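Hi,

Here is the structure for you to look through. My notes follow below.

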Amino acid sequence: MIRLCAIVLAFLVFPVLSTSFNAKCAEHKIRVTEFGKTKEGKAVYRYVLNNKNGVEAVVITFGAALVSLRTPDRNGKTEDIVLGYDSLDGYEQDKSYFGATIGRYGNRIAGGQFTLDGIVFHLPKNDGPNCLHGGTTGFNKRLWTGVDRSRADVQVLELTYASQDGEEGFPGTLKVQVTYTLPAESNELRIEYSATTDKDTVLNLTNHSYFNLSGKTSQEILGHQLLLHARQFTPVDSTLIPIGELRTVEGTPFDFGKSTLIGARINQDNEQLKYGRGYDHNWVLEKSENGGLQLAAEVFEPTSGRVLEVLTTEPGIQFYSGNFLDGTVRGKGGQLYARRTGFCLETQHFPDSPNHPTFPSTVLKPGQTFRSETVLRFSIRK
Ligand code: GLA
C-alpha cells in the first residue's frame, strides 16, 4: 500500500517539479530576434542576455559584436555604456570597430607582412603602411554562428566562425569560438576565446568596445578616472608600430598606477601622445602568480558612480582614448560621436608581435588550443 502511494505520489509530483524546472531553464534562455539581413541577404541575429540586477548585454552575429551594454548607475538608473549603431547597416559600414570581435590579429602588423617558418606572408595594408585589426575584412565583418548554451545560473552565448586558409593573407584554417557569459547573480560579462588551426599561424583576439560610463555619449570621456596595473608600455613609431622597447611609465603621462583622470595629461607635449593623437598604446600588464585572470584596469566615472574593472589572462592592454572619432559617425539614437566620447580597453598580445621575437608569442600550431579570457566587472561607487 505504502509502495503504491509512493508511486502515485511520484507520478503526481514529477510533472509539477519538471514543469517548474523547465520554466526556470526557459527563464534563463537568451532572447533572440533577427537584427537584419546583410547586403548578401544573410540573416543576422541579435541575442539579449540579462541578469537579476538589471545588467543587459546585446550581441549580434555580425562581427560577434557587443552592440549594447546596460548597467545601473548609483541611483539604480540603467543606461547603455557602449557606443554602436541602431541598425546592421551601421555595422556593415563601420570603420571604428564598435563592440566588435577583432581577429585574426588585433592591432597592427608592420608593413602588412610577417615571416613564419621561413615563409613571408602578405596582409592587406588597411592603415597607412600597416595591417590593422586583421585586414580589410577582419572578423568584425564576418558572420558568426550563435548557439545558446545557457545553464540554470548563467546565460551563455557561444559564437563560432571558421576562417579559411589564406583569408586576409593569414595561413591555416582557423576555427574560432567566442563565448559571452552573463551570470544571473553577479554583475560581470565574461568573454572567452578559443581557437585551433590546421597550419602554423598567428592570432591576437580582442573585443573593441568603446565605453562611456556616464551613459551619455554626447560627453567626452576625459573625466573618467583610470587605473592600469602596468609599469611599462610599448612605445611606438609615428605609424603606431612598437619600436620593440618595453619602457617604464614612471614620470610620464602613461603612468596610471594611481587612479588618474584620462584628461589630466592627454594634451601634454609628449612625442608618444603626438603619435597616437592621445592615448593609443599597449601597456604591459603585471603578471599574476598563477598565470590566470588578473586585474588589468579599473575605471571610475564620478557623475554616474559607475566602476568598470577589466580582468584578463592576456599580457597586454591597448588603451585607446577614441582619438579618431571625429563627429562624422552617426551612432545609436542619431548621436554623432565626437572625438574622445568613448574609450577602449583592448586586452591583447602586443601589437606587431609576429615581427618581434622578444614579445610574448602569438604563434598557434596544429594540435594546440588557444585560450584567453577577459572579464568586464561592473559596480557602483557612492
Ligand atoms: C585601435 C587602434 C587605433 C584605432 C582603433 C580604431 O584601438 O590602436 O589606432 O585604429 O583601433 O579606430
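Strand 18 (residues 230–234) pairs with strand 19 in the antiparallel sense, over two bridges. Within this pairing, Phe233 stands opposite Arg247 of strand 19. Keep in mind that the model is predicted.

Both strands belong to an open sheet of five, ordered 19-18-21-24-27, with antiparallel pairing. Strand 19 (247–248) and strand 27 (344–348) are at the edges. Each has a single partner strand, so one side of each has no neighbour in the sheet.

Arg231 sits in strand 18, and Glu250 in the loop between strand 19 and strand 20 (260–261), 19 residues apart. Glu250 is exposed at 52% relative accessibility. Arg231 is partly exposed, at 30%.

In total, the structure holds 20 salt bridges. Two others to look at:

- Lys52 and Glu185: the closest N and O atoms are 3.1 Å apart. Lys52 is in the loop between strands 2 and 3, Glu185 in the loop between strands 13 and 14, 133 residues apart. Lys52 is exposed at 57% relative accessible area, and Glu185 is exposed at 55%.
- Lys332 and Asp80: the closest N and O atoms are 2.6 Å apart. Lys332 lies in the loop between strands 25 and 26 and Asp80 in strand 5, so the pair ties together parts 252 residues apart in sequence. Both Lys332 and Asp80 are buried.

There is also a network of salt bridges. It links Lys77, Glu79, Lys216 and Arg306.

Best wishes

Definitions and conventions
Residues are numbered from 1 along each chain as its sequence is written. This is a predicted model: local features need pLDDT of at least 70, side-chain atom pairs count only at pLDDT 80 or more; totals for chains, interfaces and linings use all residues. Side-chain values use heavy atoms; hydrogens and water are left out. Two strands pair if DSSP finds at least two bridges between them. Helices (H or I, at least four residues) and strands (E, at least two) are DSSP runs, numbered from the N terminus. A salt bridge is a side-chain nitrogen of Lys or Arg within 4 Å of a carboxyl oxygen of Asp or Glu. Buried means under 20% relative accessible area, exposed over 50%, partly exposed in between (1.4 Å probe, protein chains only).
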